[in-house]
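Have a look around, and then we'll walk through it together.

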Amino acid sequence: PNSKMESLSEMNGGMKYSPDDMQVDIEFDKNHETEVLRIISQYLIEKGLNESAKTLQRETGVALEGEVIQNLRNLVLDGKFDEAVQLIYEIEYDPARICKVKQAVYEQKYLELLEKGDVLKALD
């Protein structure tokens with residue numbers, strides 16, 4: 001055989017494949033595509049490829065987190081815990097998930113109040 005492609009075709013019973021035959025078309029709806037891009041961004045960040053993740057996010061217009069999650073994070077970071085909990089009720093319908101996220105928000109509030117030395121308010 002003169003080329004790798006010829007040796008591959010011999011192994012496959014004489015069937016020849018072009019590079020075009022090896023492409024896989026996967027169609028995603030917009031939500032799935034967005035989720036796949038977020039997973040890829042997260043993977044890149046976990047591997048220390050932060051610039052690659054930023055480039056992917058910039059070029060695709062898909063941030064690692066959606067706008068609602070960014071809003072929730074900003075409310076917590078700004079100490080607006082009651083507003084954060086209210087937002088949870090607006091975006092989540094699963095009672096178990098609501099409970100978990102609320103717990104995380106109130107835990108953060110508790111820790112921040114302890115850090116400030118406001119023990120009585122933390123216990124309230």
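**A walk through the model**

Let's start with glutamate 35, which is partly exposed at a relative accessible area of 41% (buried means under 20%, exposed over 50% and partly exposed in between, with a 1.4 Å probe and protein chains only). Before going further, a word on the source: this is a predicted model, where local features need pLDDT of at least 70, side-chain atom pairs count only at pLDDT 80 or more, and totals for chains, interfaces and linings use all residues. Residues are numbered from 1 along each chain as its sequence is written, and side-chain values use heavy atoms, leaving out hydrogens and water.

Glutamate 35 has a partner: its side chain meets that of arginine 38 in a salt bridge, 3.9 Å from N to O (a side-chain nitrogen of Lys or Arg within 4 Å of a carboxyl oxygen of Asp or Glu). Both sit in helix H2, 3 residues apart, or about one turn of the helix (helices are DSSP runs of H or I with at least four residues, numbered from the N terminus). Arginine 38 counts as partly exposed too, at 21% relative accessibility.

Helix H2 covers residues 30-46, and serine 41 belongs to it. Is serine 41 buried or exposed? It's buried, with a relative accessible area of 1%. Serine 41 touches Ala53, Leu56, Gln57 and Leu64, leaving aside residues up to four places away in sequence (touching means heavy atoms within 4.5 Å).

Now for the inside. The largest nonpolar core has 10 residues, including Leu72, Phe81, Leu87 and Val105 (such a core is a set of buried Ala, Val, Leu, Ile, Met, Phe, Trp, Tyr and Cys residues joined through side-chain atoms within 4.5 Å). H4, H5 and H6 each supply at least two residues of this core, and H5 gives the largest share, with 5 residues. Leucine 87 touches Val68, Asn71, Leu72 and Leu75, again not counting residues up to four places away in sequence.

Which other residues pair up? Glutamate 65 forms a salt bridge with arginine 73, with the closest N and O atoms 2.4 Å apart. Glutamate 65 is partly exposed at 22%, and arginine 73 is partly exposed at 41%. Glutamate 92 bridges to arginine 97, where the closest N and O atoms are 3.6 Å apart; glutamate 92 is buried, at 18%. Across the whole structure, a search finds 4 salt bridges.
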